[in-house]
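Thanks for coming. Please have a look at the model first.

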Amino acid sequence: MEKDSKIRVLTGDRPTGKLHLGHYVGSIKNRLKLQEESDVSFHMIADIQALTDNADNPEKIRKNVLEVALDNLACGLDPQKTTMFIQSEIPEIAELTVLFLNLVTLARLKRNPTVKDEMKQKGFGEDVPAGFLCYPVSQAADILFAKANVIPVGEDQLPVIEQANEIVDDFNRFYGKIFDRIKPKVGDTPRLVGIDGSTKMGKSLNNAIYLSDSHEEISKKVMDMYTDPGHIHVEDPGKVEGNVVFIYLDIFDEDKNEVKKLKEQYKKGGLGDVIIKKRLIEVLEKFLAPIRERREELAKNPSEIMKILEDGTERAREEAKKTMEEVRKAIKIDYF
Ligand code: ATP
Ligand code: MG
């Protein structure tokens, strides 16, 4: 980031489902920290981006706008400090996307590792919706309309930020310097594994513990977790590496010494899966119960939540207008 620049934070979620533990450790924790430390902070609900792979299901996206807002507020996002807004209500983002599309090649989009992974996961191949393939470009517009320069994200988003920085460089070179380079800020857990042990907990992957899960749901998911398939009898020595229960204990259990002891005992043999699973259920319940309670309280007044988003959107639109004026002037499309 340039010297003397203000810290302008922008972060966001796709309203494709409720948020989960991966969001918390990958991004939300940093959002909460940065809303205190930054000069300006934005949170965007990326409904247009969510439609790029859900064009046939607008009801799902519409419904989840509220869920995603509730999740963030329940975790402690403060609308007095963070401007919360809805992407589709800022038409300037679409305008900026169109201008940025000229700075990106098809080959570069196809090479983006995140896009590649997600296309494979979704089974798209050559039939990928053009909007989906181009989402890194619209994501650059999401960030830059607000002149944001610090972005709390999970590790999966790093290649998308890299591509946004290429857009910044080209834009500044062709039209004069308007935008700062963007600094991604990845959480202590860059990529939380799913409860099935797969590389990423994802809300479209059916392998998540949600921030709003009940005690019963948490218990069921933990009891079904993958441990070590070679650990059949309690007395057998067990593996700790790649063992999802221990991965989660390492992240969420505050008593690091106890976890260390449990690991040693598990490796030697003599510690059953049920014991470590019960401990994890307790640890997660302690972490999630206050979030769940706040969420239930907030969910009683959906119109208040929508009002927060409406007010935030109005503020974000002011920023968007200012940026677009500068951009139009720089590109010489300011006629009247
Ligand atoms: P979808 O499957 O619809 O893309 P998602 O679970 O990937 O949903 P997003 O809304 O795309 O969620 O991501 C929001 C933010 O949370 C991003 O910064 C992303 O990097 C981060 N994030 C998502 N899943 C994880 C995870 N398992 N570990 C760490 N960070 C994550
Ligand atoms: Mg995602």
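Sorted by class, the lining of the largest pocket has 20 polar, 15 nonpolar and 12 charged residues. Keep in mind that this is a predicted model. The lining comes to 47 residues in total. Those nearest the centre of the pocket are Arg14, Glu118, Asp156, Gln157 and Lys200. Which elements give two or more residues to this lining? They are strands S1 and S4 (150-153), together with helices H1, H6 (113-121) and H8 (135-144). As for volume, the largest pocket has about 960 Å³.

Now, what takes up this space? Ligand 1 does: the space it takes is the largest pocket.

Let us go through the shell around ligand 1. There are 20 residues around the ligand, and the ones that come nearest are Thr16, Asp156, Lys200, Met201 and Lys203. Asp156 and Lys200 were also on the list for the pocket centre.

Two elements to find on the screen are strand S1, residues 8-13, and helix H1, residues 21-37. Each of them supplies at least two residues of the shell. Which one gives the most? Helix H1 does, with three residues.

Next, the contacts. Thr16 has a polar side-chain atom 2.8 Å from an oxygen atom of ligand 1. For His23, a polar side-chain atom also lies 2.8 Å from an oxygen atom of the ligand. For His20, the distance from a polar side-chain atom to a ligand oxygen atom is 3.2 Å.

Finally, how much of ligand 1 does the protein cover? On its own, the ligand has 600 Å² of accessible area, and the protein covers 96% of that.

Methods. Residues numbered from 1 in each chain as written. Chains lettered and ligands numbered in written order. Predicted model: local features only at pLDDT ≥ 70, side-chain atom pairs only at ≥ 80, totals over all residues. Heavy atoms only, no water. Near = heavy atom within 4 Å. Polar contact = N/O pair within 3.5 Å; in protein donor to acceptor, adjacent residues only side chain to side chain. Areas by Shrake-Rupley, 256 points an atom, 1.4 Å probe, with all protein chains shown as cover. 1 Å grid on protein atoms, 1.4 Å probe; cavity = no way out; pocket = protein on both sides within 12 Å on 5 of 7 lines; lining within 4 Å. Sits in = over half its atoms within 2 Å of the grid points. Helix = DSSP H or I, 4+ residues; strand = E, 2+ residues; numbered from the N terminus. Points joined across faces, edges and corners; volume = space filled by probe spheres on them. Nonpolar A, V, L, I, M, F, W, Y, C, P; charged D, E, K, R; others polar.
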